[in-house]
Amino acid sequence: MPGFVALLRQNPNYRSAWIGQVVSEIGDHFNNIAVFSLALETTHSGLVVSGVMLARAVPAVLAGPLAGVTLDRLDRRTVMIASDIVRAIVALGFVLTVHQSKPWLLYLLSALLMFASPFFTSGRAAILPRIASKDELHTANSLTQTTQWTTTTIGTLVGGFSAAKFGYTAAFVINSLSFVFSAWAIWRVRLPDTAPRPALAMTEADVMRPFREYAEGLRYLRSQPLMLAIALVGVGWASGGGAAQILFSLFGELVFNRGPAGIGILWGAAGFGLILGGALAHKVGPTLTFNGYKRTIAVCYLIHGGSYVLFSQSPTFYGALIWIGISRGAVAVSSVLNWSLLLRHVDDAYRGRVFATNESLIWATMMLSMMAAGIASQSVDPRSIGAVSGIVSSLTAVYWIWADRVGLLVPPKTPPHDAADVEVHTEVRA
């Protein structure tokens with residue numbers, strides 16, 4: 001905590017981005033709980049929840065390559081602000097879904113919302129090494145991810161009770177306003193001066209350039225064995241994690257019969273585990289050797305998968321909360337450690353594409369996992385689906401150990417020029 005407080009006090013650029021993150025992500029969870037609960041309340045179908053998740057996953061996958069190229073060619077701060085403005089408009093549109101029982105509008109608005117998201121989320125990761133010095137970077141990454149999980153805890157708990165008490169319209173309006181606030185906060189961030197990025201090509205001869213640039217980013221990722229392994233670890237988690245997104249709603253609403261508040265409490269317990277895991281990773285990360293880091297990642301995925309199996313079989317609601325907290329704590333440790341490594345070693349010229357590709361791979365895998373879980377939920381008990389999801393997630397550790405044995409997990413080379421070396425403590429102008 002002292003390191004987090006010092007970072008927020010001393011770095012005004014990071015402080016503005018962090019405040020915007022807090023408000024925006026709490027609003028996101030108001031939307032998530034309201035949408036999933038509304039879908040279940042009106043249809044009582046896990047397949048519809050799966051449909052909403054797929055409507056969010058497919059656009060996120062499709063937008064990833066475009067977001068990555070755009071963030072590496074244009075001013076990242078401007079792209080992030082534009083993403084927030086678009087999402088504010090779309091989020092307000094969810095108010096129209098409250099009084100209509102057909103799910104098609106939920107699908108459409110979810111798709112539009114998620115298509116705009118990678119332009120912001122990948123941009124936030126790409127600018128972090130430019131607004132935090134090299135000494136601050138691990139702390140900044142830890143705080144960014146821990147904040148994300150803290151807002152999951154707060155947003156899902158408050159969002160669940162708010163939807164139950166004040167209705168869905170209030171949740172959707174709050175979500176829209178949170179994007180407006182986030183755009184204002186990012187506008188206050190001033191990035192250090194760098195060479196201007198070239199304008200997007202407008203001539204017919206250059207139409208294919210964005211595709212070539214994205215392919216170049218993929219070649220860069222493949223040329224870095226450890227970075228590629230980290231991307232594939234994300235795929236391994238998502239193979240079971242996608243089903244988990246649906247199972248939280250099914251367990252809260254149908255298995256434990258606790259309505260939107262139950263969904264919120266489950267997400268809140270998961271968020272609490274993520275917070276503790278993020279804090280642990282922040283503490284131990286700087287002390288780990290490279291071999292210690294590799295062993296920690298493998299152990300975390302074994303704990304994550306095993307705890308998720310126990311969550312799915314818990315006979316009581318409160319027992320389920322404990323196991324899901326442990327499961328998510330293990331995920332948090334691995335996430336903070338992996339992301340800190342990427343932030344330090346991905347060249348600034350490729351950051352947008354690398355982080356957008358990671359996000360796209362995760363969403364694509366989650367999409368398949370969600371689809372399978374949604375279809376299975378029509379005839380298979382959610383507890384059985386949860387057990388399979390936990391086992392599949394545990395297999396990620398097997399891949400990681402194999403990658404180490406064949407020599408893929410080698411220390412990365414530091415880029416020839418790292419923007420994290422630039423002095424970043426510029427004053428924020430109102």
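Predicted model: local features only at pLDDT ≥ 70, side-chain atom pairs only at ≥ 80, totals over all residues.
Residues are numbered from 1 along each chain as its sequence is written, and side-chain values use heavy atoms, leaving out hydrogens and water.

**Exercise 1. Work out how many salt bridges the structure has, and who pairs in them.**

Start with the idea: side chains of opposite charge can pair when their charged atoms come close. The cut-off here is a side-chain nitrogen of Lys or Arg within 4 Å of a carboxyl oxygen of Asp or Glu. Searching the whole structure on that basis turns up three.

- Arginine 76 pairs with aspartate 72, at 2.8 Å from N to O.
- Aspartate 84 pairs with arginine 87, with the closest N and O atoms 2.7 Å apart.
- Lysine 294 pairs with aspartate 404, at 2.9 Å from N to O.

**Exercise 2. Decide where lysine 294 and aspartate 404 sit, and what their pair ties together.**

Lysine 294 belongs to helix α11 and aspartate 404 to helix α14 (residues 382–405), so the bridge ties together parts that are 110 residues apart in sequence. Helices are DSSP runs (H or I, at least four residues), numbered from the N terminus. For contrast, look at aspartate 84 and arginine 87: both lie in helix α4 (residues 76–93), three residues apart, about one turn of the helix.

**Exercise 3. Find the residues that touch the most other members of the largest nonpolar core.**

A nonpolar core is a set of buried Ala, Val, Leu, Ile, Met, Phe, Trp, Tyr and Cys residues joined through side-chain atoms within 4.5 Å. The largest one has 108 residues, and the ones to pick are Tyr14, Ile131, Tyr293, Phe311, Met370 and Trp400. Helix α9 (residues 225–255) gives this core its largest share, 14 residues. A second, separate core has five residues, including Ala63 and Phe119.

Methods:
Buried < 20%, exposed > 50% of the residue type's maximum accessible area, 1.4 Å probe, protein only. Helix = DSSP H or I, 4+ residues; strand = E, 2+ residues; numbered from the N terminus.
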